[in-house]
Amino acid sequence: MALNIHKSWEPHLQEQFKKPYYKSLMLFVDSEFKSTQCFPPKSEIFNAFETCTFEALKVVIIGQDPYHNYNQANGLCFSVSNGTVHPPSLINILKEIETDLGIAYPKSGNLERWAKQGVFLLNATLTVRAHVAGSHQKKGWETFTDAVIKSISDNKEGVIFLLWGSFAKKKAKLIDEEKHCILTSGHPSPLSANRGYWFGNKHFSKTNAILKSKNLKVIEW
């Protein structure tokens with residue numbers, strides 16, 4: 001599979017590419033894309049690694065699975081392509097930004113604008129079969145993305161990790177809290193948000209306050 005990955009990631013990923021689990025994973029993904037409809041488009045599977053360079057990375061947001069309906073997933077967690085109706089979790093993320101920062105709710109749910117500012121938008125599983133949530137879980141993607149998170153922790157300093165919901169919070173064990181900052185809250189899905197576990201977490205203003213304290217450029221959310 002041709003990889004659209006920025007060269008800055010290569011030193012941190014090449015060991016994974018050589019491992020048997022990864023080769024098996026690529027065979028599975030190739031087979032799935034040939035035999036059925038899968039998302040995101042093949043050219044966007046590694047979009048998170050293409051749009052946010054390793055050097056520029058300042059913030060990590062961890063999702064679980066790509067969106068599994070047409071014209072949604074674009075390789076960045078929680079993000080959708082331009083012109084796509086915003087899914088419920090994304091609506092709640094953008095609503096929280098609206099109230100936290102006092103900025104207008106954006107028309108586009110394409111979060112590439114964040115990625116280009118150093119926000120690494122990583123799904124734990126990078127592909128999915130159309131309309132079948134979780135269909136590509138436990139095939140090797142989680143081994144790969146866990147290694148990515150650990151490599152960021154080991155090789156960077158002062159990264160802000162936003163862990164939303166119980167699945168993402170489990171990734172904290174891969175992160176050195178002595179070197180990095182972890183902010184946690186409930187998931188932005190309606191089920192969690194409507195119970196009071198999402199709204200008011202102020203993760204976006206808190207992230208910018210931390211960046212500012214380090215004399216780093218804040219994120220234009």
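## Basis of the description

Helices (H or I, at least four residues) and strands (E, at least two) are DSSP runs, numbered from the N terminus. The model is predicted, so local features need pLDDT of at least 70 and side-chain atom pairs count only at pLDDT 80 or more, while totals for chains, interfaces and linings use all residues. Residues are numbered from 1 along each chain as its sequence is written, and side-chain values use heavy atoms, with hydrogens and water left out.

## Negative surface patch

Glutamate 177 lies in the loop between α7 (165-169) and β6 (181-185). Its relative accessibility is 57%, so glutamate 177 counts as exposed (buried means under 20% relative accessible area, exposed over 50%, partly exposed in between; 1.4 Å probe, protein chains only).

Glu157, Asp176, Glu177 and Glu178 gather in a patch of negative charge on the surface. A patch is made of residues with over 30% relative accessible area and no salt bridge, with like charges joined within 9 Å and nonpolar side chains (Val, Leu, Ile, Met, Phe, Trp, Tyr) within 5 Å. Asp and Glu count as negative and Lys and Arg as positive, with His and the chain ends not counted. The place of a charge is taken as NZ of Lys, CZ of Arg, CG of Asp or CD of Glu.

## Salt bridges

A salt bridge is a side-chain nitrogen of Lys or Arg within 4 Å of a carboxyl oxygen of Asp or Glu. The count by this rule is 6 salt bridges.

One of them joins lysine 171 and aspartate 146, at 2.7 Å from N to O. This pair links distant parts of the chain, 25 residues apart: lysine 171 is in the loop between α7 and β6, and aspartate 146 is in helix α6 (residues 141-155). Lysine 171 is buried, at 7% relative accessible area. Aspartate 154 pairs with lysine 150, their closest N and O atoms being 2.9 Å apart. These two residues are separated by about one helical turn because they are 4 residues apart in helix α6. Both are partly exposed, aspartate 154 with a relative accessible area of 43% and lysine 150 at 41%. Lysine 116 and glutamate 112 meet in a further bridge of 3.1 Å, N to O; lysine 116 is exposed at 58%, and glutamate 112 is partly exposed at 25%.

## Cysteines

A disulfide is a pair of cysteine sulfur atoms within 2.5 Å, and the count by this rule is 0. The sulfur of cysteine 52 has its closest cysteine sulfur in cysteine 77, 11 Å away and therefore too far for a bond. Cysteine 52 is buried at 1% relative accessible area, and cysteine 77 is buried at 0% relative accessibility.

Conventions: Areas by Shrake-Rupley, 256 points an atom, 1.4 Å probe, with all protein chains shown as cover.
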